[in-house]
Amino acid sequence: MNRVEVEKKVLNENQLLAEQLRRRYREHGLFCVNLISAPGSGKTLLLERTLERMRDTPLAVLTGDLQTENDAIRLARFGYPVKQIITGGTCHLDAKMIGKHLDDWDLAKLDLLIVENVGNLVCPSSYDLGEDCKVVLLSTTEGEDKPLKYPSIFAKAELMLLTKIDLLPYVPFNPDLARENARRVHPQIEIIDISSTTGAGLDLWLSWLQRRIQSKSKPSSIQAKE
Amino acid sequence: MHELGIAASILDCVRTEAERHPGSHIGTVGIRLGEISGVDADALRFGFECLVKDTDLEPLALDIEAVPRVQRCSQCGNEFRMTEYDPRCPACGEFMTQCVSGDQLDIAYMEVDE
């Protein structure tokens with residue numbers, strides 16, 4: 001019996017593809033965000049409100065679901081390039097699926113790529129898509145203890161959007177407890193309260209996005225400044 | 001629920017390693033599984049056994065080393081095992097500690113029968 005040290009990631013192949021994507025995004029000064037939540041937390045409605053308001057930002061959206069083009073149809077109304085990734089049963093997006101769907105887009109012309117992951121709090125957290133950061137959504141119709149029950153994604157997300165806050169008067173949800181739980185799992189996590197229905201918190205989310213986009217400015221604009 | 005895919009990725013690595021040792025058999029693959037990797041060890045074992053059964057990879061054992069979550073204190077540098085979702089540094093009480101270990105999903109070793 002001979003023990004061979006291997007030392008590589010189980011998802012090595014995905015990791016390599018994700019690093020290639022990350023390099024491409026960096027070359028083009030493109031900021032990529034990976035939106036993750038349970039089904040029904042409000043990812044698609046938030047994106048509709050986001051696209052409505054980001055009129056001057058060149059962006060594109062990849063949206064993942066097990067079946068149907070419904071989300072892509074909803075999001076295409078805003079005139080931005082949108083593609084549906086139908087996973088056909090797979091519970092998460094991986095780097096290969098992303099790469100395949102970017103083929104006919106000119107990344108040099110984009111400042112922002114939004115990836116709407118498959119509704120699932122578990123599996124998407126294991127797959128690096130080459131994104132700059134993960135953003136997790138938790139809605140007020142879920143439990144405050146979701147961050148404790150699904151710590152992996154809350155530990156990896158830079159920002160938590162507490163969605164559907166317009167429903168707070170009607171649901172037995174304690175937002176302070178939810179925020180405390182998220183910070184217990186990830187002390188540095190940023191949190192924005194938001195309602196896609198009333199528009200509360202949307203400005204904060206949009207300026208968060210704009211700040212992140214600007215921090216990854218285009219190589220050409222860097223040259224221009226020099 | 002993605003453990004079957006993870007098991008398939010482990011077996012891909014086993015096959016790649018097996019090609020480097022022609023004429024021998026890999027008896028064990030050892031992985032490190034972090035506490036917050038998002039992968040369930042029992043589901044992974046189940047998926048692994050299903051995929052190995054009745055293939056040329058048999059007999060192949062899966063050795064899972066569970067890796068606990070470790071936080072580092074931003075104030076005093078203390079590293080400690082995080083339990084009960086309490087990120088506070090036991091040495092100085094600082095809340096803003098950072099996760100430095102626990103998301104591993106790595107292949108550590110394989111045992112090759114020459």
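This is a predicted model: local features need pLDDT of at least 70, side-chain atom pairs count only at pLDDT 80 or more; totals for chains, interfaces and linings use all residues.
Is A:Thr68 buried or exposed, and how many C-beta neighbours does A:Thr68 have inside 10 Å? Residues are numbered from 1 along each chain as its sequence is written, and chains are lettered from A and ligands numbered from 1 in the order in which they are written.

**View 1. An open sheet of four strands is built from chains A and B.** Its order is β1(A)-β6(B)-β1(B)-β2(B), and the pairing is mixed. Strands here are DSSP runs of E with at least two residues, and helices are runs of H or I with at least four, both numbered from the N terminus; two strands pair if DSSP finds at least two bridges between them. At the edges stand β1 (2-9) of chain A and β2 (61-67) of chain B, each with a single partner strand, so one side of each has no neighbour in the sheet. On average, neighbouring strands are turned by 20 degrees against each other, direction ignored. Strand β1 (residues 25-34) of chain B runs parallel to β2(B), joined by seven bridges, and B:Val29 has B:Leu62 of β2(B) as its bridge partner.

**View 2. Chain A meets chain B, with β1(A) pairing with β6(B).** The pairing of β1(A) with strand β6 (residues 105-113) of chain B is antiparallel and spans six bridges; look for A:Val4 opposite B:Met110. Overall, 25 residues of chain A are in contact with 30 residues of chain B, contact being C-beta atoms, placed from the backbone, within 7 Å. On the chain A side, β1, α6 (151-156) and α7 (175-185) each give two or more residues, and β1(A) gives the most, with eight. That side divides into 13 nonpolar, six polar and six charged residues (nonpolar: Ala, Val, Leu, Ile, Met, Phe, Trp, Tyr, Cys and Pro; charged: Asp, Glu, Lys and Arg; polar: the others, Gly among them).

**View 3. Helices α1 and α2 of chain B pack against each other.** Helix α1 (residues 3-19) and helix α2 (residues 41-52) pack at an angle of about 55 degrees, with their axes 8 Å apart. Axes are lines fitted to C-alpha atoms, for helices over the stretch in contact, and angles run from 0 to 180 degrees between N-to-C directions. The angle makes α1(B) oblique to α2(B) (under 35 degrees is roughly parallel, over 145 roughly antiparallel, 65 to 115 roughly perpendicular, and the rest oblique). Residues making the contact include B:Ile6 and B:Ile10 of α1(B) and B:Phe48 and B:Leu51 of α2(B). By class, the contact has ten nonpolar, one polar and one charged residues.

View 4. Most residues other than glycine have a negative phi, and most peptide bonds are trans. To settle the opening question, A:Thr68 counts as exposed, with 10 C-beta neighbours inside 10 Å (20 or more other C-beta atoms within 10 Å means buried, 12 or fewer exposed, and in between partly exposed, with C-beta atoms placed from the backbone). B:Asp54 has 8 C-beta neighbours inside 10 Å and counts as exposed. B:Pro59 is also found in the loop between α2 and β2 of chain B, and the peptide bond from B:Glu58 to B:Pro59 is cis, with omega near -10 degrees.

Methods. Two residues are in contact if their C-beta atoms, placed from the backbone, lie within 7 Å.
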